[in-house]
Amino acid sequence: MELRAKVPEGPIQQQWDRHRFEMKLVNPANKRKYHIIVVGSGLAGAAAAASLAELGYQVSCFCFQDSPRRAHSIAAQGGINAAKNYQNDGDSVWRLFYDTVKGGDFRAREANVYRLAQISVNIIDQCVAQGVPFAREYGGLLANRSFGGAQVSRTFYARGQTGQQLLLGAYQAMARQIGLGAVRMYPRAEMLDLVVVDGQARGIVVRDLVTGKVTSHTAHAVVLATGGYSNVYFLSTNAKGCNVTATWRAHKRGALFANPCFTQIHPTCIPAAGEHQSKLTLMSESLRNDGRIWVPKRKADARRPGDIPDAERDYYLERQYPAFGNLVPRDVASRRAKDMCDDGFGVGPGGRGVYLDFRDAIARLGQTAIAERYGNLFEMYERITGEDPSTVPMRIYPAPHYTMGGLWVDYNLMSTIAGLHVIGEANFSDHGANRLGASALMQGLADGYFILPYTIGDYLATAQFEPVDPTHPAFRQVEAEVAKRTQRLLDVNGSRSVDSFHRELGRLMWEQCGMSRTGAGLEAAIGQIQALRNRFWREVFVGGRGEDLNQSLEKAGRVADFLEFAELMCEDALHREESCGGHFREESQTPDGEAKRDDHRFSYVAAWEYKGESVAPALHKEPLTFESVHLSQRSYK
Amino acid sequence: MRLTLHVWRQAGPAERGGFARYEIPDASPDMSFLELLDVLNEQLIAAREEPIAFDHDCREGICGSCGVVINGRPHGPRKATTACQLHLRHFQDGEQIWVEPWRAKAFPVLKDLVVDRGAFDRIVQAGGFITARTGSAPEANAIPIAKRDADRAMDAAACIGCGACVAACPNASAMLFVAAKVSHLGALPQGQPERYRRVVRMVDVMDAEGFGACTNHGECMAACPKEISIDFIAQLNRDLLKATLTPPREGRAWSGAA
């Protein structure tokens with residue numbers, strides 16, 4: 001299989017404009033004849049569904065939550081980047097492009113990233129027009145802050161609830177289309193498989209989570225906007241329902257999965273409190289703008305943090321990275337925190353935590369200014385831990401947060417299955433091996449509002465379609481397979497809960513395929529995953545019935561897919577014998593412990609093809625070339 | 001800590017429900033309330049009983065999925081705290097805890113603690129938006145918005161749509177939810193063209209969905225995990241009055257295309 005990225009010819013600045021001109025248009029009168037399925041209603045999905053319906057297409061949107069407004073984009077706190085240069089501090093499309101390619105450690109496709117930076121400015125316009133209440137200055141203009149390692153202030157924010165406000169903007173735009181009858185919304189509906197007819201994605205099979213009924217839905221194109229797979233670790237900052245099922249099923253139907261080992265561990269999360277922990281909570285990394293990270297210089301120092309004088313504190317990021325200090329990128333901040341804790345300097349329960357201290361910022365700016373910036377985050381922290389960060393430093397520890405890997409897509413955001421488009425976190429395209437802060441919201445909305453609505457038109461205008469309906473044999477067959485698998489889960493009737501398997505898988509992945517990885521560890525993990533998967537299918541107890549609201553059954557299906565997907569993640573991590581971004585192979589590091597890339601061998605996208613159960617997946621490579629941003633080793637010293 | 005839970009069990013929308021009693025012998029004070037339900041469900045699964053169905057997702061107080069009435073109070077005893085962020089350190093060892101679903105005609109119970117809040121979505125679909133077709137937006141800084149107005153819009157926009165306001169209201173009114181959206185969009189210049197049409201349409205659908213009327217009890221504000229103020233209900237009433245009492249230039253009789 002040859003991977004054709006379909007990047008347009010010409011200088012990078014003109015590629016998107018030229019491509020928009022060259023793409024075929026669908027006649028306005030014909031648009032209503034095309035039906036598009038959008039799976040997922042987060043920033044990418046809701047933005048796409050609304051925009052496609054505005055254009056005149058028939059759209060159906062599916063989400064597993066009880067309302068499309070609850071998609072996990074809602075939890076993003078810090079902000080959204082855009083190259084508006086409102087602060088006159090030297091920002092530009094080129095700089096945002098450069099920062100994103102470099103921040104992604106040179107493992108993203110240049111043309112996509114440039115387009116993302118270009119479109120970023122339109123996103124802010126769009127959101128303001130929808131009524132997103134971004135923070136403003138007293139003069140009435142939009143406010144910005146510097147965020148997550150950027151040296152310009154290009155981040156737009158709405159208190160600590162930027163994701164919520166952007167999602168509500170997209171949700172409301174989609175709600176308008178639902179009210180007009182242009183979008184048909186299916187909440188509490190989970191996509192359980194993709195249907196491919198004559199090489200084209202022509203629909204999906206869905207389980208109604210209230211009645212348990214399994215039904216088929218046909219379309220001319222399918223868009224997956226189903227988010228990332230951080231929940232493979234069980235404990236992550238993702239919502240409990242986030243899962244890999246839609247993308248994994250599409251993978252098993254022929255879509256290549258790219259760079260699955262590229263995961264992002266976020267440095268500022270609240271540490272786990274005990275065995276009962278069901279998820280981890282992120283504290284926005286905007287806190288690193290004013291908070292200082294430190295550990296005691298003495299191992300296992302039992303003193304209260306306030307009793308430790310400055311001379312006995314190690315502000316280790318400021319010490320190791322004088323230029324960037326506490327604002328080093330996420331992967332670097334996470335690894336250094338882990339090192340400190342591995343070396344015995346950690347604080348809090350089990351020594352798995354470092355301090356994030358606001359003492360100096362409060363002394364400099366005053367309690368009010370800090371409360372204005374971070375008030376809701378401080379409250380959130382206090383609710384969870386019972387401690388007030390304005391008097392006691394926060395304790396933070398890294399946690400899985402975002403997954404850069406995803407289904408492989410070309411420049412048109414189409415996967416290797418014709419008609420199957422993948423947008424937002426679910427695709428692999430723009431963040432390389434590490435995502436910069438405030439870039440996920442940007443990518444989700446760029447894909448949904450401004451890229452897919454054009455590129456999908458080109459596909460629809462050029463493809464040939466045979467008529468299909470849900471009685472088509474291909475749909476009948478996939479439906480039967482879905483029903484059989486569901487019954488199989490119920491029939492195991494063992495003795496262990498689904499969660500207990502998920503926890504075990506999560507621990508395994510965190511240990512062997514988390515913040516730092518080794519060849520030997522990954523090889524062992526692959527065997528352990530296979531064994532765990534076998535035990536799952538022998539010992540799991542689901543309970544209840546299929547024709548009912550059955551949350552245990554929902555979880556079982558998702559965990560069964562994670563148990564297959566985890567193996568591919570480890571295979572990918574094993575084959576990539578270099579360190580880059582969030583993927584740190586202990587065998588490949590510089591003498592001072594920084595990630596060492598191997599551009600000679602690994603400057604490519606690893607796209608994996610499913611070959612069948614118990615058969616090794618096939619690796620396909622999309623070479624990455626860097627013509628606009630010079631390849632260099634990242635340095636934040 | 002040892003806790004006794006009395007949890008509402010109901011097999012389906014048409015079935016009769018009732019409280020079931022469960023003992024949790026060893027809960028940790030650092031657990032969240034939903035983690036307590038997780039632990040209870042693990043106990044039930046170990047005994048091969050059907051676990052309790054409850055809505056939840058982000059578990060960080062922002063998605064609005066979770067929501068149960070705990071000891072008679074939506075989201076439990078803590079101010080400005082969703083059930084997922086409520087921790088057991090706020091309960092006493094040996095306490096009896098009663099857990100019920102939201103109770104409102106417009107939120108039918110689907111199973112156990114899960115209710116159907118689709119009515120909220122339908123209210124938003126009726127008018128809870130600003131019409132801004134993708135691609136048609138002017139430059140973002142073209143219209144300055146006073147910080148005071150932007151802040152007020154954000155105060156209202158913080159609503160997570162969980163439905164605690166409805167569950168807390170003796171009339172099961174959705175006024176706080178609707179008022180928050182009307183006030184958020186009405187506080188911004190972008191929201192002005194549809195301002196009066198919006199309030200009329202949203203209130204019409206709210207009534208049609210079977211929510212009760214507001215009689216100023218203020219229970220909604222006390223229960224709201226995001227502390228949305230009932231000042232916004234006053235704002236809604238002002239807008240509604242204007243929309244319906246003035247000549248039909250914009251209000252109920254307005255019938256332009258959406």
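**View 1. Helix α6 of chain A and helix α2 of chain B are roughly perpendicular to each other (65 to 115 degrees).** In this predicted model, local features need pLDDT of at least 70 and side-chain atom pairs count only at pLDDT 80 or more, while totals for chains, interfaces and linings use all residues. Residues are numbered from 1 along each chain as its sequence is written, and chains are lettered from A in the order in which they are written. The axes of α6(A), residues 162-179, and α2(B), residues 118-127, cross at roughly 85° and come within 7 Å. Here a helix is a DSSP run (H or I, at least four residues), and its axis is a line fitted to C-alpha atoms over the stretch in contact, with angles from 0 to 180 degrees between N-to-C directions.

**View 2. Now look at the residues where these two helices meet.** From α6(A) come A:Q172, A:A175, A:I178 and A:G179, and they meet B:D121, B:V124, B:Q125 and B:A126 of α2(B). Contact means C-beta atoms, placed from the backbone, within 7 Å. This contact divides into 4 nonpolar, 3 polar and 1 charged residues (nonpolar: Ala, Val, Leu, Ile, Met, Phe, Trp, Tyr, Cys, Pro; charged: Asp, Glu, Lys, Arg; polar: the others, Gly among them).

**View 3. Chain B touches chain A through 65 of its residues.** They contact 63 residues of chain A. On the chain B side, α1(B) gives the largest share, 6 residues.

**View 4. Chain B has two assigned domains, 3-111 and 117-245.** These bounds come from an automatic or database domain assignment. The domain centres, taken over C-alpha atoms, are 29 Å apart. Domain 1 of chain B gives 18 residues to the contact and domain 2 gives 17.

Methods:
Angles under 35 degrees count as roughly parallel, over 145 as roughly antiparallel, 65 to 115 as roughly perpendicular and the rest as oblique.
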